[in-house]
Amino acid sequence: TLTGQILVAGTVVAVIGAVLAIRQRQPAPVLIYGLAAAVLAATAAPVGLRSRFLMLAFPLVVAYGTRLRGRLYTGALLVSAALLVAMSTLEFASWAVFP
């Protein structure tokens, strides 16, 4: 289902982000906060690790952004903006409780 695919994608993004954040040697309080937020979201039974909870674990997402340069950064920015518009449209046009 789409929900299962979203949960798998969120988990993959969080794990890769955690590895990148650890390799970047982010400050300990920031890294611990990011990892704790991801773990809490992943272990929450009714919702799982969805993309909106990854935003709370922002150090894991920041680890992606600091690796991008030039055209790759511009491409990621455009894709993110397009996905934001698409997901917002889906949310406003849907009766779903959990997008």
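Here is a walk through the structure above, from its overall layout down to a few single residues.

Keep in mind that this is a predicted model. Start with the big picture: the protein has five helices and zero strands. Follow the chain from the N terminus and you'll read α-α-α-α-α. There are 99 residues, and 21% of them count as buried. The accessible surface comes to about 7000 Å², and carbon and sulfur atoms make up 76% of that.

How does the chain fold back on itself? Take the contacts between residues with a separation of 6 or more: 70% of them join residues 24 or more positions apart.

Now look inside. In soluble globular proteins, nonpolar side chains tend to be buried together. In this model, the largest nonpolar core has nine residues: Ala-18, Leu-20, Ala-21, Leu-31, Ala-37, Ala-38, Ala-57, Leu-60 and Ala-63. Three helices each supply at least two residues of this core, namely H1 (2-24), H2 (28-43) and H4 (58-65). Pick out Ala-18 on your screen: leaving aside residues up to four places away in sequence, Ala-18 touches Leu-35 and Leu-60.

The axes of H1 and H4 come within 8 Å and cross at roughly 75°. An angle from 65 to 115 degrees counts as roughly perpendicular, so H1 is roughly perpendicular to H4. On the H1 side, the contact uses Val-12, Val-13, Ala-14, Ile-16, Gly-17, Ala-18, Leu-20, Ala-21 and Gln-24, while H4 brings Pro-59, Leu-60, Ala-63 and Tyr-64. What kinds of residues are these? In the contact of H1 with H4, 11 are nonpolar, two are polar and none are charged.

Two more residues are worth a stop. Gln-26 lies in the loop between H1 and H2. Is Gln-26 buried or exposed? Its relative accessible area is 13%, which is under the 20% cut-off, so Gln-26 is buried. Not counting residues up to four places away in sequence, Gln-26 touches Ala-21, Leu-31, Pro-59 and Ala-63. Then there's Phe-58, which lies in helix H4. Phe-58 has a relative accessibility of 44%, between the 20% and 50% cut-offs, so this residue counts as partly exposed.

Key
Residues are numbered from 1 along each chain as its sequence is written. This is a predicted model: local features need pLDDT of at least 70, side-chain atom pairs count only at pLDDT 80 or more; totals for chains, interfaces and linings use all residues. Side-chain values use heavy atoms; hydrogens and water are left out. Helices (H or I, at least four residues) and strands (E, at least two) are DSSP runs, numbered from the N terminus. Buried means under 20% relative accessible area, exposed over 50%, partly exposed in between (1.4 Å probe, protein chains only). Contact means heavy atoms within 4.5 Å. Accessible areas come from the Shrake-Rupley method with a 1.4 Å probe; for residues, only the protein chains shown count as cover. A nonpolar core is a set of buried Ala, Val, Leu, Ile, Met, Phe, Trp, Tyr and Cys residues joined through side-chain atoms within 4.5 Å. Axes are lines fitted to C-alpha atoms, for helices over the stretch in contact, and angles run from 0 to 180 degrees between N-to-C directions. Angles under 35 degrees count as roughly parallel, over 145 as roughly antiparallel, 65 to 115 as roughly perpendicular and the rest as oblique. Ala, Val, Leu, Ile, Met, Phe, Trp, Tyr, Cys and Pro count as nonpolar, Asp, Glu, Lys and Arg as charged, and the others, Gly among them, as polar.
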